[in-house]
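Work through the exercises below with the sequence and the structure in view. Each task is followed by its solution.

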Amino acid sequence: MKILAFESSCDETAAAVVEDGRKVLADEIFSQVALHEIYGGVVPEIAARSHLEVISLLADRALQKAGISRGDIDAVACTYAPGLIGAVLVGVNFAKSAALALGVPLIPVHHIRGHIAANYLAFPELEPPFLCLAISGGNTMLVDVRSYTDMRVLGRTRDDAAGECFDKSARVMGLGYPGGKPIDDLSKQGDDKAYDLPRPAVNDGNPYDMSFSGLKTAVVNIVHHAEQTGEELDKAGLAASLCRAVSESLVSRTMAAAEALGYAHVAVAGGVAANSRIRADFESACQKAGKTLYVPPLRLCGDNGAMIGAQAYYEFLAGHTAGSDLNAYATMEL
Amino acid sequence: MTYTTHSEKETEDLGARFAANLPAGAVVALYGDLGCGKTAFVRGMARGMGIDCAVTSPTFTIVNEYDGPRPLFHFDMYRLGSADELFDIGWEDYLARGGVCSVEWSENVPGAFEGDEIAVRFEKTGDNDRKITIEGGPLC
């Protein structure tokens with residue numbers, strides 16, 4: 001079954017063709033990063049307009065790369081939530097029209113389910129059940145993937161996403177946007193014990209919930225104190241200490257959940273999975289606990305269409321299709 | 001009216017008391033730097049309005065919607081550059097829905113409000129201490 005899949009939830013427009021959930025025939029991405037760089041972030045209206053301009057071209061290019069024609073498409077899929085609402089709407093409406101015109105089923109896919117499914121593309125042997133930590137600029141959640149379409153959120157951030165903590169810390173440290181990569185790069189030259197940062201604990205109720213807002217505030221306080229006292233800020237040390245604090249929060253909860261559920265497979269998904277400290281810490285924790293770690297290659301960690309096409313196949317098998325009344329949503333439970 | 005809080009919890013509690021008596025259609029403009037407690041205050045507001053769900057930062061999605069007896073629309077203008085962009089994402093439609101609109105980083109959208117908004121200004125006076133000034137609206 002060949003699925004033409006679209007992703008447009010943030011600043012990446014993507015179209016892909018995926019066969020039977022596992023085989024990528026084409027994976028076309030148009031990034032708007034250059035467009036948004038001058039504004040220091042994603043500007044929603046620009047994002048929506050830019051999606052609109054390129055989505056049709058990308059669809060044609062994906063078919064061409066896959067070496068198939070429109071008539072070969074068995075279903076059309078799209079991200080329908082969560083994301084910037086104007087941006088998501090473009091993908092939803094284009095997918096709806098395409099499905100209607102081709103007379104094939106329309107499959108809505110939750111963006112985070114797509115990120116989790118990126119693992120199916122990278123690791124053909126991986127099958128549910130497993131535990132997955134989904135970490136990106138807008139989301140941080142620990143998910144019990146019981147089957148391809150039956151998922152339970154075990155814990156999530158109570159405030160800021162892990163990626164947001166990196167972005168906002170980078171801003172006060174004067175490192176630009178997006179902040180994940182500059183902080184990661186800088187941290188490699190720094191001492192991860194240079195600053196004593198809090199390990200935000202969420203003590204009421206759910207042991208798997210996380211919090212990153214207090215960590216961001218601690219970084220802000222350190223930068224301000226340095227400015228006020230004229231003391232030189234050890235930026236590399238702060239970046240390294242921050243990566244360590246974020247990583248320890250994520251790894252400890254993920255490993256505790258894997259232990260509690262008895263899972264031997266632990267997966268990580270989303271853009272923040274690109275952070276080298278987080279990758280390294282997961283590798284050693286899984287090795288120590290005798291668990292197998294799955295982290296997709298960088299290209300599949302960011303937003304892409306192939307992951308949507310992968311998840312769409314399993315949603316289709318579960319009967320999750322939509323009609324022309326499908327809407328886009330900024331927020332949506334997994 | 002100016003309030004002083006000494007922890008995130010106290011900021012949240014102040015938000016809850018503040019929102020308990022807010023009229024439907026109220027616009028709450030929040031001002032203050034990173035890490036001043038704006039999201040904590042809005043989390044309190046949701047609790048005070050009887051909304052029972054996790055309130056997280058809307059920086060990525062620009063707006064989060066919370067359903068309750070009165071809906072709460074939680075905006076974050078952190079990534080916006082002007083009031084025009086607020087209108088582009090349907091600001092007027094949200095106003096017409098009769099909920100409470102709280103807007104973080106209102107300093108990024110000067111001119112977006114019509115003068116009937118309640119301004120809440122956050123100032124950091126210590127690592128955990130915050131001075132919170134509420135201009136207009138019911139007492140809390």
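**Exercise 1.** Find the strands that helix H9 of chain A lies across.

Solution. Helix H9 (residues 276–289) of chain A lies across E6, strand E9 (265–269) and E10 of chain A. Its direction is at about 160° to E10(A), where axes are lines fitted to C-alpha atoms, for helices over the stretch in contact (heavy atoms within 4.5 Å), and angles run from 0 to 180 degrees between N-to-C directions. Helices (H or I, at least four residues) and strands (E, at least two) are DSSP runs, numbered from the N terminus. The model is predicted: local features need pLDDT of at least 70, side-chain atom pairs count only at pLDDT 80 or more, and totals for chains, interfaces and linings use all residues. Residues are numbered from 1 along each chain as written, chains are lettered from A and ligands numbered from 1 in the order written, and side-chain values use heavy atoms, without hydrogens and water.

**Exercise 2.** State the strand order of the five-stranded open sheet in chain A, and find its edges.

Solution. The order is E8-E7-E6-E9-E10, with mixed pairing; two strands pair if DSSP finds at least two bridges between them. Strand E8 (151–156) and strand E10 (292–294) of chain A each have a single partner strand, so one side of each lacks a neighbour in the sheet. From one strand to the next, the twist averages 20°.

**Exercise 3.** Describe how E6 and E7 of chain A pair.

Solution. Strand E6 (residues 130–135) and strand E7 (residues 140–145) of chain A are antiparallel, over six bridges. A:Cys132 has A:Val143 in E7(A) as its bridge partner.
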